[in-house]
Amino acid sequence: YGGGAAEMECAVQLDQFADSHPGLEQYAIRAFAKSLECVAQTLADNAGWDALQVVADLRAAHVTGQLDIGVDIDQPPGVKSMKDSEIYDLMAVKRSALKLAVE
């Protein structure tokens, strides 16, 4: 889904993955997870919302299993279902962006 939903879900999954890695690896994994939240934060900033609140709401939704929740740039509170709104991102674009980011 679009609206930063895919990136936030990856961040949540990486944070959970980091819990199983002791030591310095854990910090690197968490730092990468945190970097993925920039997509949602940028969308919220550009929409004029309180980015910290939107990212917190988005993370809370994903932690509770609402995988399709993303940033709503049109109306407060700033998050909504990307599936219901039919907002999708292309997998090829996501794959390419992620590949470029980690090189």
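In this predicted model, the largest nonpolar core holds 15 residues, of which Met8, Leu58 and Val71 touch the most other members. A nonpolar core here is a set of buried Ala, Val, Leu, Ile, Met, Phe, Trp, Tyr and Cys residues joined through side-chain atoms within 4.5 Å, where buried means under 20% relative accessible area with a 1.4 Å probe, protein chains only. Two or more residues come to this core from each of H1, helix H2 (24-36), helix H3 (38-47), H4 and strand E1 (69-71), and H4 gives the most, with five residues. Helices (H or I, at least four residues) and strands (E, at least two) are DSSP runs, numbered from the N terminus.

Leu58 deserves a separate look: leaving aside residues up to four places away in sequence, Leu58 touches Gly4, Met8, Ala40, Ile69, Gly70, Val71 and Val79, contact meaning heavy atoms within 4.5 Å.

The table lists how the helices are placed against each other, with axes as lines fitted to C-alpha atoms over the stretch in contact and angles running from 0 to 180 degrees between N-to-C directions.

| Helix pair | Axis separation | Crossing angle |
|---|---|---|
| H1 (residues 5-18) and H4 (residues 51-63) | within 10 Å | roughly 65° |
| H3 and H4 | within 8 Å | roughly 135° |
| H1 and H2 | 8 Å | about 165° |

Angles under 35 degrees count as roughly parallel, over 145 as roughly antiparallel, 65 to 115 as roughly perpendicular and the rest as oblique.

The axes of H1 and H4 cross at roughly 65°, which makes H1 roughly perpendicular to H4. On the H1 side, Ala5, Met8, Glu9, Ala11, Val12 and Asp15 meet Val55, Leu58, Arg59, His62 and Val63 of H4, and by class these residues are seven nonpolar, one polar and three charged. In this classification Ala, Val, Leu, Ile, Met, Phe, Trp, Tyr, Cys and Pro count as nonpolar, Asp, Glu, Lys and Arg as charged, and the others, Gly among them, as polar.

For H3 and H4, the axes cross at roughly 135°, so H3 is oblique to H4. Their contact joins Ala40, Gln41, Ala44 and Asp45 of H3 to Ala51, Val54, Val55 and Leu58 of H4, with six nonpolar residues, one polar and one charged.

H1 and H2 pack at about 165°, which makes H1 roughly antiparallel to H2. Among the residues in contact are Leu14 and Phe17 of H1 and Ile29 and Phe32 of H2, and the contact has nine nonpolar, one polar and three charged residues.

Residues are numbered from 1 along each chain as its sequence is written, and side-chain values use heavy atoms, with hydrogens and water left out. Local features need pLDDT of at least 70, and side-chain atom pairs count only at pLDDT 80 or more, while totals for chains, interfaces and linings use all residues.

Conventions: Buried means under 20% relative accessible area, exposed over 50%, partly exposed in between (1.4 Å probe, protein chains only).
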